[in-house]
Number of protein chains: 2
Amino acid sequence: MSKPYILITGGAGFIGSHCALVLLEHGFDVVVIDNCSNAYLGSSDSKPESLKRVEKLTNKSIEFVKGDLSDCDNLGSVFKKFNISCVLHCAALKSVKESWDIPLSYYSNNVTGSINLFSVMSSYGVKKLIFSSSSTVYGDPQFLPLTEEHPTGQNCANPYGRTKFLVEEILKDLCRSDKDWCVYSLRYFNPVGAHPSGDIGEDPLGIPNNLMPIITQVAIGKLKSIDVYGNDYDTVDGTGVRDYIHIMDLAEGHAAAIKVLLKEKGNAGIFKAYNLGTGSGSSVLQMISTFEKVNSVKIPYKIVGKRAGDVAASYCAVQLAKKELGWQAKYGLAEMCKDAWTWQTKNPKGYQK
Amino acid sequence: MSKPYILITGGAGFIGSHCALVLLEHGFDVVVIDNCSNAYLGSSDSKPESLKRVEKLTNKSIEFVKGDLSDCDNLGSVFKKFNISCVLHCAALKSVKESWDIPLSYYSNNVTGSINLFSVMSSYGVKKLIFSSSSTVYGDPQFLPLTEEHPTGQNCANPYGRTKFLVEEILKDLCRSDKDWCVYSLRYFNPVGAHPSGDIGEDPLGIPNNLMPIITQVAIGKLKSIDVYGNDYDTVDGTGVRDYIHIMDLAEGHAAAIKVLLKEKGNAGIFKAYNLGTGSGSSVLQMISTFEKVNSVKIPYKIVGKRAGDVAASYCAVQLAKKELGWQAKYGLAEMCKDAWTWQTKNPKGYQK
């Protein structure tokens, strides 16, 4: 049998590329499949720039396949060519805002794409999976901190979150029906920051939707100021509180999860969910002021009306991941702000040259 | 513009074929797309036997396209060829039992198939849809009778039910995002019986899963006796209570819904759910004794253990459909039993000759 690989779907994206880097550092071999819908392809070949940089940073190589999860034949060819031990399924559309406008694209990419992936995995006997889930599956928190036992799917705030919930439901049924499946669903809170080198990072197309890329684009002068949605929430300073997690912590969480997952014996039909967050929440204004202080820049902002569907506060319980995966976040807001800014200043146009 | 058609997906099946018949009787023109996975194709051509019989009974013709909802190109060609005013989306795998064994096939057929259909409809500007939903979306009833406001998706008893719930969620988002969509989701309780002619009816592959086809197969000697799952539920006689509805009533409910739906103006983004049931529950033993009396046959049964996931009783509130669709069920258990038996005795091997 040839050497085992971890397959990362959507591995050229923000989360996927950082996971690829960390997995390579941990000695895993990595295949990436990505449709590059949101990824810059450098110059002559078709490997996305993000992965070329990961190769440079690690001095290791990544196998890359360009392809979409809608194409089951292409997907099958990956499993035929490589000995895949485990799949890390990051591929998804991820804009909350966009998901309101084009929900069918979200369901098609995120749900149909997942069903296709699981079907192909099943037919090749590959049944260990890490799923990129999201704290949005919890909907409006009934209690804080959010534990993995918090109900899911009730009042999911947006179609994007619902796609993540639906895929979790599908995975639960899959693990009940076929005991060879072992699935960890990693529920991300708010991943921000970048690799400390500043060579890879978040490269949103168009105007970003998430706080940190907006902050860095304001800091560099691409955007004028930040709209802060509401300042009368019941939080420390009235602005929304979220559990931001450094992308390097998040990626290490994946490596930890994969190591435990690979040791799981088949025949138990395991579906487990783990929160990946720091366990503490920060407000929008705290993030802005930390960014200003750490990076000695000024971030103009203005308070505007609340957005429908936004919750006041969301942060997670971290005990389960600590206990069962032996992982916890190490970095705080300062490192998140510093590394995000290094990435932005080294790459004012993202991956584009 | 050429004359308008109602497109019925899965139109060769039990519910689809009876809907086709009733819609033809109401003067609609009908196109059916069906993959015939569960339908007998008579002799030389590819039109399923059920639809040939509908044509004979109505003296009208049905346009038929063989195809699966996984094939978007084929689906698109139907919208290109015919002027579709409204889609009745019946196509789905429907065995609760099987859905536990092969959930991915259920998600792929029922969820991916629906996403494909909605995408193709959207691209052809056809945005009126009747969805074949199910009372299983309600899960374990929190109160009876089940109104359309009862929570859905919580503790859905099985993957089949979850596929119906997921598609409803997708449709809600679709109607929120694009105000031209008008969707009625018809939540079927337990459709049984057959057209009174006995020429069309339910023709399950293999050993049937539902009570009525089991009763008729016991009556005709194909099966020895009925397993009754539990007789200590908190019901009239301890056996499970369900809201059985005559298939002809159900089909009339579709005709009523389509007439109202076609009058809905675009630009409201309407998603409405309607229960289709009689509003009163019958126990397994009541159904058996009614069948025996009406048809003068003996139905041996034995009490066996309860099945996981079965609820004691389920029946619906019928007011909403009566008020807004002007429809209510007319037939009782006696007609259901009589017509099911006529179908079975006239067609001991189902549609197969």
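This is a predicted model: local features need pLDDT of at least 70, side-chain atom pairs count only at pLDDT 80 or more; totals for chains, interfaces and linings use all residues.
Biologist: Take a nonpolar core as a set of buried Ala, Val, Leu, Ile, Met, Phe, Trp, Tyr and Cys residues joined through side-chain atoms within 4.5 Å, where buried is under 20% relative accessible area, exposed over 50% and partly exposed in between (1.4 Å probe, protein chains only). How many residues has the largest one here, and which have the most contacts inside it?

Modeller: The largest has 78 residues.

Biologist: OK, what does Leu129(A) contact beyond its neighbours within four places in sequence?

Modeller: Counting heavy atoms within 4.5 Å as contact, the list includes Val87(A), His89(A), Phe118(A), Met121(A), Trp181(A) and Leu261(A).

Biologist: And Phe131(B), buried or exposed?

Modeller: Buried, because its relative accessibility is 2%. Phe131(B) sits in strand β5 of chain B, residues 128-134. Among the residues it touches, not counting those up to four places away, are His89(B), Lys164(B), Glu168(B) and Tyr184(B). Glu168(B) is 37 residues away along the chain, with 8.3 Å between the two C-alpha atoms.

Biologist: Switching to the sheet: what's the strand order in chain A?

Modeller: β3-β2-β1-β4-β5-β6-β11, seven strands in an open sheet with parallel pairing. Strands are DSSP E runs of at least two residues, helices H or I runs of at least four, numbered from the N terminus; strands pair if DSSP finds at least two bridges between them.

Biologist: Which strands stand at the edges?

Modeller: β3 (63-66) and β11 (270-276) of chain A, each with a single partner strand, so one side of each has no neighbour in the sheet.

Biologist: How many bridges join β5 to β6 in chain A?

Modeller: Seven, and the two strands run parallel. One pairs Ser133(A) with Arg187(A) in β6(A).

Biologist: Last topic: what rotation superposes chain B on chain A?

Modeller: 180°, with 0.0 Å of shift along the axis and an RMSD of 0.0 Å, fitted by least squares on C-alpha atoms of residues with pLDDT of at least 70 in both copies. The copies are thus related as by a two-fold rotation axis. In chain B, Thr112(B) comes closest to the axis, its C-alpha at 2.7 Å.

Key: Residues are numbered from 1 along each chain as its sequence is written. Chains are lettered from A and ligands numbered from 1 in the order in which they are written. Side-chain values use heavy atoms; hydrogens and water are left out.
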